[in-house]
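Subject: Structure handover

Hello,

Here is the structure we talked about. Please open it alongside this note and follow along.

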Amino acid sequence: MNKLSLLACAVLIVGCGTPATYKDPNGRELVVSLDKVNIQDFATAGSQMLQSMVSSPSFSKGAPVLQLGSITNDTADNFDTSLLLSKITVPLVNAGRVTLLDNDATANAARAASGSKADVPHAEYVLKGKILEDRSNAGSTRQSSFVFQLTLVEVKRGVAVWQEEKLVTKQGTKNAVGF
Amino acid sequence: MKKILPLLALGLLAGCTTILETGDRIERGLTPPDAVNYATTKPEGGFSTQLNDNRIGNKIELLAARKSKTDGGYSRVQFDLRNGAYLSQTINVSFEWLAADGSVTESQPNWIVTPLEPGALTTITATALKAQSAECRLRLISR
């Protein structure tokens, strides 16, 4: 009987897990975490900020030359901020709406060495930003807010020509799957 | 020991099941998932709808779709949505752009979650990135 019971326990423990399956990264069955920025949060904030950015006068004509500045991650979570920036730059570059300067050291050195040659593009705008978080709780209910801030700076005049802030707020007692 | 092991097994078994705690969870368990609905702007103005989930009609009203052009000549559409129910609703929207021949030119596939209080209005604005994008197809799921 003892052996049977142990076997039953082992079977039940093994049977408890949910096997991993592929999910649509834009679908409704993604994990929603209270303590971190989820992949769909970057997508939501990024696409909303993209919509705001292309509506600004700086993007009304032509393909301005854009350079990516720093995006400060001021949250407790460790992630690559290009998760946010790529949601903005990929559609813009592919649609021909911006000329995006490569940001690595070699490209920067080449541009510096070229001086003011007409055929070498120089940044007209720099996109920079910050990601912040705020956490609070009431009893067992936890709430996390992540704030995405972006600023577009016109290099020539050194002034901010566009700014946007998007909040993603999640509330609950535990992580879940779905909207 | 003999009594403890079956009890442990029962506990583990209980942990495996989904516990329906609230009315909302029970509803989710009993009803099929919400289908995707569409609203597409028309070249002559206005919009057409394709409702695949009739339940959304009792929750969200699509009041208007306004088309305009940006200074650079790109299409821009604004959809006005209203929560017509007596309860708070969450509407999830995404959209894609179509060329004049109906082909898809660009899309924003991720869902934007928009909670709406009873009676609340919201405006979804979509601006095209490509010049050939002419009509906007809004995708909606309630909840």
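Two residues are in contact if their C-beta atoms, placed from the backbone, lie within 7 Å. With that in hand, take chain A. Among its contacts between residues at least 6 apart in sequence, 68% join residues at least 24 apart. In chain B, residues 24 or more positions apart account for 58% of the contacts with a separation of 6 or more. Please keep in mind throughout that this is a predicted model.

**The two chains in outline**

Chain A has 179 residues, and 21% of them count as buried. It holds 4 helices and 7 strands. Along the sequence they come in the pattern α-β-α-β-α-β-α-β-β-β-β.

Chain B has 143 residues, of which 27% count as buried. Its secondary structure comes to 2 helices and 8 strands. The pattern there reads α-α-β-β-β-β-β-β-β-β.

**The sheet in chain A**

Start with the strands. Chain A has an open sheet of 5 strands, in the order β3-β2-β4-β5-β6. The pairing is mixed. The edge strands are β3 and β6 (159-172), and each of them pairs on one side only.

Now go through the pairs. Strand β2 (residues 65-74) of chain A runs parallel to β3 (residues 99-100), and 2 bridges join them. Here L66(A) stands opposite L100(A) of β3(A). β2(A) also runs parallel to β4 (residues 125-138), this time with 7 bridges. L68(A) has L127(A) in β4(A) as its bridge partner.

Further along comes an antiparallel pair. Strand β5 (residues 141-154) of chain A and β6(A) are joined over 13 bridges. In this pair, E154(A) stands opposite V159(A) in β6(A).

**Helices on the sheet**

Helix α3 (residues 82-94) of chain A packs on the sheet. It touches β2, β3, β4 and β5 of chain A. Its direction makes about 165° with that of β2(A).

Helix α2(A) lies across β5 and β6 of chain A. It runs at about 150° to β6(A).

Is α2(A) mostly covered or mostly uncovered? It is mostly covered: 13 of its 16 residues are buried. Its length also checks out. The helix takes in residues 39-54 of chain A. At 1.5 Å a residue, its 16 residues should span 22 Å. The end C-alpha atoms are 23 Å apart, which agrees.

**How the two helices meet**

Two packed helices are described by the angle between their axes and the distance between the axes. What are these values for α2(A) and α3(A)? The angle is about 40°, and the axes are 8 Å apart. The crossing is right-handed.

Which residues make the contact? From α2(A) come F42(A), A43(A), A45(A), G46(A), S47(A), M49(A), L50(A) and M53(A). From α3(A) come L83(A), L84(A), K87(A), I88(A) and P91(A).

**Two residues to look at**

Find L101(A) first. It sits in the loop between β3 and α4 (105-114) of chain A. Is L101(A) buried or partly exposed? A residue needs 20 or more other C-beta atoms within 10 Å to be buried. L101(A) has 18 such neighbours, so it counts as partly exposed. Its contacts, leaving aside neighbours within four places in sequence, are V65(A), L66(A), Q67(A), A107(A), P121(A) and A123(A). One of these, L66(A), is the residue that stands opposite L100(A) in the sheet. For a distance check, take L101(A) and S58(A). They are 43 residues apart in sequence, and their C-alpha atoms are 17 Å apart.

Then go to chain B and find S75(B). It belongs to strand β4 (residues 75-83) of chain B. S75(B) has 23 other C-beta atoms within 10 Å, so it is buried. Again leaving aside neighbours within four places in sequence, its contacts are K67(B), K69(B), A128(B), S133(B) and A134(B). S75(B) and W97(B) are 22 residues apart along the chain. Their C-alpha atoms are separated by 9.4 Å.

Best wishes

Definitions and conventions: Residues numbered from 1 in each chain as written. Chains lettered and ligands numbered in written order. Predicted model: local features only at pLDDT ≥ 70, side-chain atom pairs only at ≥ 80, totals over all residues. Expected span 1.5 Å × (residues − 1). Buried ≥ 20, exposed ≤ 12 C-beta atoms within 10 Å, placed from the backbone. Pairing = 2+ DSSP bridges. Axes fitted to C-alpha atoms, helices over the stretch in contact; angles between N-to-C directions. Left-handed = near helix turned anticlockwise from the far one by under 90°.
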